[in-house]
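Keep the structure open while you read.

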Amino acid sequence: MKKIMSIFSIMILIALTGCGNPTPQKPGEAVQTNSGEKGEKKITIAGNGGVIESAIRDVIAPKFKEETGITVNYISGLSGEILSKVELQKNAPQIDIAFFVPVDVIRAKDKDLIEPVDASNVPNMKSVDPRFIPTEKAAAPVFGLVIAPAYNTETFKKKNLKPIESWNDLVSPAYEGKTAFADITNDWGFNTLNGLALSNGGTTENIEPGLEKAKDLAGYSNTFYKNSTQMMPAIQQGAADVTVMGSYSIGELAVSGIPIKMAVPKEGVPLQAFSAGLVKNTPNSEEALEFINYLVSEEAQQFISEKGFYPTVEGMKLPGKYEESIGLKGSDKTFKPDFAKFAEIRAQVSDRWAKEVTPELGKKLK
């Protein structure tokens, strides 16, 4: 009897040993697999929170799982933060797909953190509007937008203020400091600076006129906001009547009942997108590519446009509920920024903004 019990005990020890992890992981690393407890396939996506996260979590991911059986996990964060995470995890990726703003697509490609994405591995890229592609063979544009001025239509009517027709019109004592402009570290803020440069004889290559005009912008502003979670309440609560935002945020405010309308300056607005990058060395590349391909399908783009994003697939239109607030007319000027140049000069320009522009905040207000 003792012999039987001894053999039984040894068998239990062997079974328990087999349940352990035979290869210890280094600190900060995690074991990644595309299978769940019952063989379920999974992928992990990192992207912005808010409306982008809700579009993926609530609509796109459930529909994709229904069609493919693949579960989508979502991690929210800002584009720059996500880029840093991907870089830190490059030897043991825990993210399969990363959503980046255009400048961070360039940076991720330069750092060799993403695999090429084009029609050869994502067939639906053949139907994507090339104006939304930040750079060739890098990432798939998914959430289309422009970054543009917007204003409270009721306030402008009440105060008899003229509509915004130029980026220079953002600089005015008539707004009485009730503005919501983003800091240069935010993509909205950097595009505001670029718009001010274009409207004062500058270019992305020569941003100097924009920096000079930005000092006046600061003079008539109380603060520069760090992100959309600070800017949106300022508009909602009436603390700001003039802003520069992503068109999707303007549309979201408008359909919620805020009297806000996007303005397209005569110098134009930058057309761009949040793009899906395939993280290099992910073990789930096949499933990730299938999801990216779905994201740029007409079906998914229809869902995404219902959240206020311009469809990135050619021939599709923005839903009617957004036309009045963020609809682009054929006569409206749009342009594709030089994102590579943006990436090149951003650190230097951000440093100058902090030293030369931010100290001017509020100095021209009564």
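A residue counts as buried when its relative accessible area is under 20%, and as exposed when that figure is over 50%. With that cut-off, 51% of the 366 residues in this protein are buried. Bear in mind that this is a predicted model.

The protein has 13 helices and 11 strands. Among the contacts with a separation of 6 or more, 74% are between residues 24 or more positions apart.

**Inside the protein**

In soluble globular proteins, nonpolar side chains tend to be buried together. Here, the largest nonpolar core holds 96 residues, and Ile56, Phe99, Phe143 and Phe291 touch the most other members. Strand E5 gives this core its largest share, 9 residues. Another core lies apart from it, with 14 residues that include Val86, Ala98, Ala108 and Leu113.

Let's zoom in on Ile56. Leaving out residues up to four places away in sequence, Ile56 touches Ala61, Pro62, Val72, Tyr74, Phe99, Phe143, Phe291 and Leu295.

**A helix with a buried face**

Now find helix H3, residues 79–88, where Ser79, Ile82, Leu83 and Val86 are buried. Looking down the axis of H3, you'd see these buried residues fall within an arc of 105 degrees, so they line one face of the helix. An α-helix has 3.6 residues a turn, so residues three or four places apart point the same way. What do the buried residues of H3 pack against? Their partners are strand E1 (41–47), strand E3 (97–100), helix H4 (102–110) and strand E10 (269–279).

**A buried phenylalanine**

Next stop: Phe224, which sits in strand E7 (residues 224–225). Is Phe224 buried or exposed? Its relative accessibility is 8%, so Phe224 counts as buried. Not counting residues up to four places away in sequence, Phe224 touches Phe181, Ala182, Asp183, Leu217, Ala218, Trp353, Val357, Thr358 and Leu361. Phe224 and Gly189 are 35 residues apart in sequence, while their C-alpha atoms are 8.6 Å apart in space.

Rolling a probe the size of a water molecule over the atoms shows where empty space is left. Here is how the two linings divide by class:

The largest pocket has a volume of about 730 Å³. Of the 34 residues that line this pocket, Asn48, Leu78, Asn186, Ser228 and Phe274 lie nearest its centre. Helix H4 supplies the largest share of the lining, 4 residues. Several other elements each supply at least two residues, including H3, E5 and E10.

The second largest pocket has a volume of about 330 Å³. It is lined by 18 residues, and Arg131, Tyr310, Pro311, Met316 and Leu328 are the closest to its centre.

**Two loop residues with positive phi**

Most residues other than glycine have a negative phi, and most peptide bonds are trans. Lys137 has a positive phi, near 55 degrees. You'll find Lys137 in the loop between strand E4 (114–115) and E5. Lys137 has a relative accessible area of 53%, so it is exposed.

Asn160 isn't a glycine, but has a positive phi of about 55 degrees. Look for Asn160 in the loop between helix H5 (153–158) and strand E6 (179–182). Asn160 counts as exposed because its relative accessibility is 71%.

Conventions. Residues are numbered from 1 along each chain as its sequence is written. This is a predicted model: local features need pLDDT of at least 70, side-chain atom pairs count only at pLDDT 80 or more; totals for chains, interfaces and linings use all residues. Side-chain values use heavy atoms; hydrogens and water are left out. Buried means under 20% relative accessible area, exposed over 50%, partly exposed in between (1.4 Å probe, protein chains only). Contact means heavy atoms within 4.5 Å. The arc is that of the directions from the helix axis to the C-beta atoms. On a 1 Å grid over the protein atoms alone, a cavity is a set of points where a 1.4 Å probe fits but cannot get out, and a pocket is an open set with protein on both sides within 12 Å along at least five of seven lines; lining residues have an atom within 4 Å of a point. Grid points are joined across faces, edges and corners, and a volume is the space filled by probe spheres set on the points. A nonpolar core is a set of buried Ala, Val, Leu, Ile, Met, Phe, Trp, Tyr and Cys residues joined through side-chain atoms within 4.5 Å.
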